[in-house]
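Colleague: I'd like to go through this one with you, from the overall picture down to single residues. Can you take my questions as they come?

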Amino acid sequence: MADPKGFLTHDRELPARRPVDVRIRDWREVYEDFPAPKLTKQAARCMDCGIPFCHNGCPLGNLVPEWNDLVYRHDWREAIERLHATNNFPEFTGRLCPAPCEAACVLGINSDPVAIKRVEVEIIDHAFAEGWVTPQPAARKTGKKVAVVGSGPAGLAAAQQLTRAGHDVVVFERADAIGGLLRYGIPEFKMEKRHIDRRLDQMRAEGTEFRTSVNVGVDISAAQLREEFDAVVLSGGATAWRDLAVAGRDLKGVHQAMEYLPPANKDFENSPINARGKHVVVIGGGDTGADCIGTAIRQGAASVTQLEIMPQPPAARPGSQPWPTFPILFKMESAHEELSDGGGDRVYAVSTTEFAGDADGNVRALRLVEVEGPQSGFKPIPGTEREIPAELVTLSMGFLGPEKGALLQDLGVEYDARGNVARDKTYMTNVDGVFVAGDMGRGQSLIVWAIAEGRAAASGVDRFLTGETALPYPIMPTARPLV
């Protein structure tokens, strides 16, 4: 245990965000540096709770109390060893995960939880700065070849584990750079891409091969894949987006979030879909919607409005979502802070009824109506219809599952009741030697679940290829978040 009285003597504290008027002029991460003495105090708040429920909240089983204690004692070298023991990419989760571990923190029952994410990201950044994150090539090679299709967090985790187990791993990515949504879906102001690049350097040095601009199922057939490789890991994500079937949907200027964000991440200043000088409406109140908000503001939007069909969430944990579950709360992300500072608005309990266009087929306005809660089926409230200006609209309404294109069709994989690729307890599909990890098998989820699934699927692949495995198996494919 770090400090027996730490949780009594220190309040929760996080690093300050850079001033809004400064950070919206660039694309760098929004947080300022966190002084070491403050971090020590945050690690000291980790209490001797007996049963650390943070382990249960985190599907990776991160050893949170152990590395909190090590940070408090300034044993950074051992702290990164304990962190890497369960998580291949803490620099990703420490920046992007919504932290179900913190929701499950015992201290959070009647106080603010330990700042677990902040301690995590400081550990890995310190380790990179000290040169402690080095390649870990396999001691011996197995001669087996594995194809990983998709280079998001699940695919990268599976690839790194399998490479370290001695297999020859090739990661296929249809985009022009490795990283999946980490690369082109997550804006730079949430995670600078240098964090991806330095981890990929480690993986290349370990022996993982990356092939970009390859659409598996089109550029290389499923039959070719099966012939060349001894096993295949499908980790293409749940990229079939939810659409909005209302009048005017086909107007120019109405885009899916994943049509808008990737080009903006490729070219900050000259994206072909640009919000500069436009009235922007973001439909969807989740993290992807927040990414669209921050991107539009940095592009110089005239105004930004976010719409959400659900009622505004509560600020504090409601009785219907008790500890240690992950509650749905009102959040003020950095992009929301920028939205508020710029006079934008977050509008809850409304539904879009129509997009209105101009004579040239461009969207010019959005018509909406206030709705009752989900219990009523979002019934429209008469007399609440109104129109707001909209010259660029992004649909950030979530995803429905994997794209059921040529690859999955030609492989002949089966689907579960939710439309995701079905798998057994080893993460193998109904096709012998073909495994699935991440959102493609789980459905839209969190980065921490993707990494956990990638690690677990690697265990199944290794056992399939060699008859045994020493790779960790953190979660069953049927595991679900605490509810």
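Colleague: How many positive and negative side chains does the chain have, and how far apart do the centres of the two sets lie?

Modeller: This is a predicted model, so local features need pLDDT of at least 70 and side-chain atom pairs count only at pLDDT 80 or more, while totals for chains, interfaces and linings use all residues. Residues are numbered from 1 along each chain as its sequence is written, and side-chain values use heavy atoms, with hydrogens and water left out. Lys and Arg count as positive and Asp and Glu as negative, with His and the chain ends not counted; each charge is placed at NZ of Lys, CZ of Arg, CG of Asp or CD of Glu. On that basis there are 53 positive and 65 negative side chains, and the two centres lie apart by 2 Å.

Colleague: How many salt bridges does the structure hold, and which residues are linked in a network?

Modeller: A salt bridge here is a side-chain nitrogen of Lys or Arg within 4 Å of a carboxyl oxygen of Asp or Glu. The structure holds 36 salt bridges. The network links R17, R23, R298, E337 and E338.

Colleague: Which helices hold E206 and R164, and is E206 buried or exposed?

Modeller: E206 and R164 form a salt bridge, with the closest N and O atoms 2.8 Å apart. The pair links distant parts of the chain, 42 residues apart: E206 is in helix α12 (residues 194-206) and R164 in helix α10 (residues 153-164). Buried means under 20% relative accessible area, exposed over 50%, and partly exposed in between (1.4 Å probe, protein chains only). R164, at 24%, counts as partly exposed, whereas E206, at 5%, counts as buried.

Colleague: What parts does the R367 and E387 pair tie together?

Modeller: The side chains of R367 and E387 meet in a salt bridge at 2.8 Å, N to O. R367 is partly exposed at 27% relative accessibility, and E387 is partly exposed at 39%. The two are 20 residues apart in sequence, so what the pair ties together is strand β11 (residues 363-370) and strand β12 (residues 386-389).

Colleague: And R28 with D26: which N to O distance do you get?

Modeller: R28 is partly exposed at 46% relative accessibility, while D26 is buried at 17%. Their side chains meet in a salt bridge, and the N to O distance is 3.4 Å.

Colleague: Stepping back, how many helices and strands are there in the chain?

Modeller: Helices (H or I, at least four residues) and strands (E, at least two) are DSSP runs, numbered from the N terminus. Counted that way, the chain has 19 helices and 15 strands.

Colleague: Why does the radius of gyration agree with a compact globule?

Modeller: The radius is taken over C-alpha atoms, and the globule rule is 2.2 Å times the number of residues to the power 0.38. The C-alpha trace spans about 70 × 60 × 45 Å along its principal axes, and buried residues make up 53% of the 483 residues. For 483 residues a compact globule would have a radius near 23 Å, and the chain agrees because its own value is 23 Å.

Colleague: Which elements do the buried residues of α14 pack against?

Modeller: Helix α14 (residues 257-266) is mostly covered, with eight of its 10 residues buried. Those are A257, M258, Y260, L261, P262, P263, A264 and N265. Contact means heavy atoms within 4.5 Å, and the packing partners are α11 (181-184), β5 (240-241), β6 (254-256), α15 (287-299), β13 (392-395) and β14 (399-401).

Colleague: Last one: what separates the C-alpha atoms of A231 and D432?

Modeller: A231 is found in strand β4 (residues 231-234) and is buried, with a relative accessible area of 1%. Not counting residues up to four places away in sequence, A231 touches K145, V146, A147, G433, V461, F464 and L465. A231 and D432 are 201 residues apart along the chain, and their C-alpha separation is 8.5 Å.
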